[in-house]
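Please read it alongside the sequence and the model.

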Amino acid sequence: MAEQNVAIVGGGPAGLMAAEVLSQRGLGVEVFDRMPTMGRKFLMAGRGGLNLTSGQPLDLFLERFHPPCRQLRDALRAFGPEAVRHWAKGLGIETFVGTSGRVFPLDMKAAPLLRAWVNRLRRDGVRFHTHHRWVGWSPGLDLHFETPAGPRLSRPSAAILATGGGSWSRLGSDGTWVPLLADQGIGVSPLRPSNCGFEVSWSPHFCERFAGVPVKSVTARIPGGKPRQGEFVVTKFGVEGSLIYSFSAALRDEIERSGQARLLLDLLPGRDLRRLKQELSVPRGSRSFSEHLRRRTGLRGVQAGLLREGLSPEELSHPERLARGLKELPLVLIAPRPLEEAISTAGGVRFEELDERLMLRGVPGLFCAGEMLDWEAPTGGYLLTGCLATGRRAGEGAADWLEGR
Ligand SMILES: Cc1cc2nc3c(=O)[nH]c(=O)nc-3n(C[C@H](O)[C@H](O)[C@H](O)COP(=O)(O)OP(=O)(O)OC[C@H]3O[C@@H](n4cnc5c(N)ncnc54)[C@H](O)[C@@H]3O)c2cc1C
């Protein structure tokens, strides 16, 4: 089957993993990407430390992917966190499990891994075409590209789309593939921000004083939910950061349903409510409110500012209500920040459209993988693992399909 060739659109982690499997199966592989180099978002992911996967047990790991669809779970069971670490090792990249169970390369970087990977793929015969923007297709798998040298047509035996989500479009994935599929009747859920910041109506004073300031060692929960500890950053528009991202799917959905969402902050985790009430009942005499708060609770700066933003003057002056506010401060979020700014994308090609090999049921020979599929997960290594696993599954699916023809 050496004369069979597969075109992969998108040279991110999902597309490159599909290329790896296909070349190992002896197929001719061409990867097309609109950017001048492969894996730009992957490189960006390495900026603050490449969180490649997770050290969690597989069952807990799988629970973080939504919706819980069979094809995605099967792909992750076949190529989960352990397999990702083993694969990275094969490229000469040792990994370690950090505190909080996140897995990173020893040097925390993405570039050495990407370089080793692309070089190995080249050695295995994979051909790369940069500056090739996929702009359309016609039945029979004719793929149309725009290139600096003019339009180009590719007629592969099978094709894999791995064109990513719609955030950080300057890194390559801009979501312009959505109408290319939707116009042909393929079900695509609208792309929406995931792992994103949110807007809050800060007072001008608070915003001026605290935009850019981190809020550390707090816990947050959505009403009725479990608290999580972490940190976030106050921005000009609202809030962002890992603690906020971990609730982003639920918050985004709640805003879509009811126009706003509430996050409850515990500004003094570990401090007992009853004791706090007693502390705050001590008369403040001639001291200012800020000084009283600082002396009785240790709170100051941005945390004290948040309290003033979230509670009314009556609540602030009432020891019991103030104590409750410190433990359950409502933060009202009015909108997610735009998709462009999000770490990842929810929505995409619906799983009902795909068979167990990730081939589009209505288009034999055309497969999809990575963030362009309709799933989401928090930060913590879930995203890359999901992309690598589905890339692998689509690559194997395409090779099996070609073999079976
Ligand atoms: C700032 C940031 C930090 C992140 N950190 C982490 C992290 O630490 N851990 C983690 O697990 N995840 C992280 N992520 C998420 C992770 O990088 C993505 O989920 C992952 O890269 C998606 O892989 P993909 O292959 O599906 O798509 P992408 O990596 O987006 O690749 C898609 C490729 O398709 C190409 N393409 C798109 N449209 C076309 C077209 N029409 N024609 C030709 N080519 C096209 C693009 O140029 C791109 O190269 C981070 C994301 C961001 C933005």
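For residue classes, Ala, Val, Leu, Ile, Met, Phe, Trp, Tyr, Cys and Pro count as nonpolar, Asp, Glu, Lys and Arg as charged, and the others, Gly among them, as polar. By these classes, the shell around the ligand holds 17 nonpolar, 15 polar and six charged residues. The model is predicted: local features require pLDDT of at least 70, side-chain atom pairs count only at pLDDT 80 or more, and totals for chains, interfaces and linings use all residues. Residue numbers start from 1 along each chain as its sequence is written.

**Overall chain**

- The protein chain contains 16 helices and 20 strands, taken as DSSP runs numbered from the N terminus (helices H or I, at least four residues; strands E, at least two).
- The C-alpha trace of the protein chain spans about 85 × 40 × 35 Å along its principal axes.
- Of the 405 residues in the protein chain, 44% are buried; a residue is buried if 20 or more other C-beta atoms lie within 10 Å of its own, exposed if 12 or fewer, and partly exposed in between, with C-beta atoms placed from the backbone.
- Among contacts in the protein chain with a separation of 6 or more, 72% join residues 24 or more positions apart; two residues are in contact if their C-beta atoms, placed from the backbone, lie within 7 Å.

**Ligand surroundings**

- There are 38 residues around the ligand, of which Gly10, Gly12, Gly164, Gly172 and Gly370 come nearest; a residue is near a molecule if its C-beta atom, placed from the backbone, lies within 6 Å of it.
- Helix H1 (13-24), helix H2 (40-45), strand E7 (133-138) and helix H16 (382-404) each contribute at least two residues to this shell.
- H2 provides the largest share of the shell, five residues.

**Helix pair H1 and H16**

- The axes of H1 and H16 come within 7 Å and cross at roughly 35°; axes are lines fitted to C-alpha atoms, for helices over the stretch in contact, and angles run from 0 to 180 degrees between N-to-C directions.
- The contact of H1 with H16 comprises 12 nonpolar, four polar and three charged residues.
- On the H1 side, the residues in contact include Pro13, Ala14 and Met17, and on the H16 side they include Leu384, Cys387 and Ala399.

**Helix pair H11 and H15**

- Helix H11 (residues 273-281) packs against helix H15 (residues 319-327) at an angle of about 135°, with the axes 8 Å apart.
- This angle makes H11 oblique to H15, since angles under 35 degrees count as roughly parallel, over 145 as roughly antiparallel, 65 to 115 as roughly perpendicular and the rest as oblique.
- Leu273, Leu276, Lys277, Leu280 and Ser281 in H11 meet residues of H15 including Pro319, Leu322 and Leu326.
- Seven nonpolar, one polar and four charged residues form the contact of H11 with H15.

- Leu268 occupies the loop between strand E16 (261-266) and H11.
- Leu268 is partly exposed because 19 other C-beta atoms lie within 10 Å.
- Not counting residues up to four places away in sequence, Leu268 touches Leu276, Thr297, Leu326 and Lys327.
- His132 lies in the loop between strand E6 (127-129) and E7.
- His132 is buried because 24 other C-beta atoms lie within 10 Å.
- Not counting residues up to four places away in sequence, the residues that His132 touches are Phe32, Asp33, Arg34, Phe145, Thr147 and Arg152.
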